[in-house]
Amino acid sequence: LAMDQYGNYVLQVVMPCGDEIHQAAIVETLTKKDSLITMSKHKYASNVVEAVLVHGRPHHRGKVLEEMLKDTRGEDGGYCCVIEMAKDSIANYVVNRAIEVVGQDQEEKFFEIISSSRQELAK
């Protein structure tokens, strides 16, 4: 539904107006293995990710931000979600929105990852 041209609007409305159980289901789907980066790079689904960041309850927003900050570059085939998103023409809008709404506890980590990856982002 998130990747549907019209269905994404339904999910966007659920975030500010829906029940906790429905909101939690959306967040759970977004934060499954590699789903966040895939959804963030998608033209329509990225709007749902942004809606979670802007309208989600603090614990939902925190879960998405935590997933964005995962850094597995030290492992085989690892990557840093926020850096991969920042390099994408659609997902970078999600990163910008995340920077706008991030709390102080995660703000430092965001900027630390981004500033330490300046050369990678310049490519």
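Trainee: Which residues have the most contacts inside the largest nonpolar core?

Mentor: They are Ile26, Val49, Met68, Val82, Met85 and Phe110, in a core of 32 residues; such a core is a set of buried Ala, Val, Leu, Ile, Met, Phe, Trp, Tyr and Cys residues joined through side-chain atoms within 4.5 Å. Buried means under 20% relative accessible area, exposed means over 50%, and partly exposed lies in between, with a 1.4 Å probe and protein chains only. Keep in mind that this is a predicted model, where local features need pLDDT of at least 70, side-chain atom pairs count only at pLDDT 80 or more, and totals for chains, interfaces and linings use all residues. Residues are numbered from 1 along each chain as its sequence is written, and side-chain values use heavy atoms, with hydrogens and water left out.

Trainee: Which helix gives the most to this core?

Mentor: Helix 4, with 6 residues; helices are DSSP runs of H or I with at least four residues, strands are E runs of at least two, and both are numbered from the N terminus.

Trainee: And how many helices and strands are there in the protein chain?

Mentor: The chain has 9 helices and 0 strands.

Trainee: Back to Phe110, what does it touch?

Mentor: Leaving out residues up to four places away in sequence, Phe110 touches Leu65, Met68, Leu69, Val82, Ala98, Ile99 and Val102, where contact means heavy atoms within 4.5 Å.

Trainee: Which residues of helix 8 are buried?

Mentor: Gln106, Phe110 and Ile113 are the buried residues of helix 8. They cover an arc of only 75° around the axis, taken from the directions from the helix axis to the C-beta atoms, which puts them on the same side of helix 8. These buried residues pack against helix 5 (58–68), helix 6 (81–86) and helix 7 (91–101).

Trainee: What does the face turned away from the buried side carry?

Mentor: That face of helix 8 carries the exposed residues Gln104, Glu108, Glu112 and Ser116.

Trainee: New topic: where does Lys32 lie?

Mentor: Lys32 lies in the loop between helix 2 and helix 3, and it counts as partly exposed because its relative accessibility is 47%. Its C-alpha atom is separated by 9.0 Å from that of Glu67, 35 residues apart along the chain.
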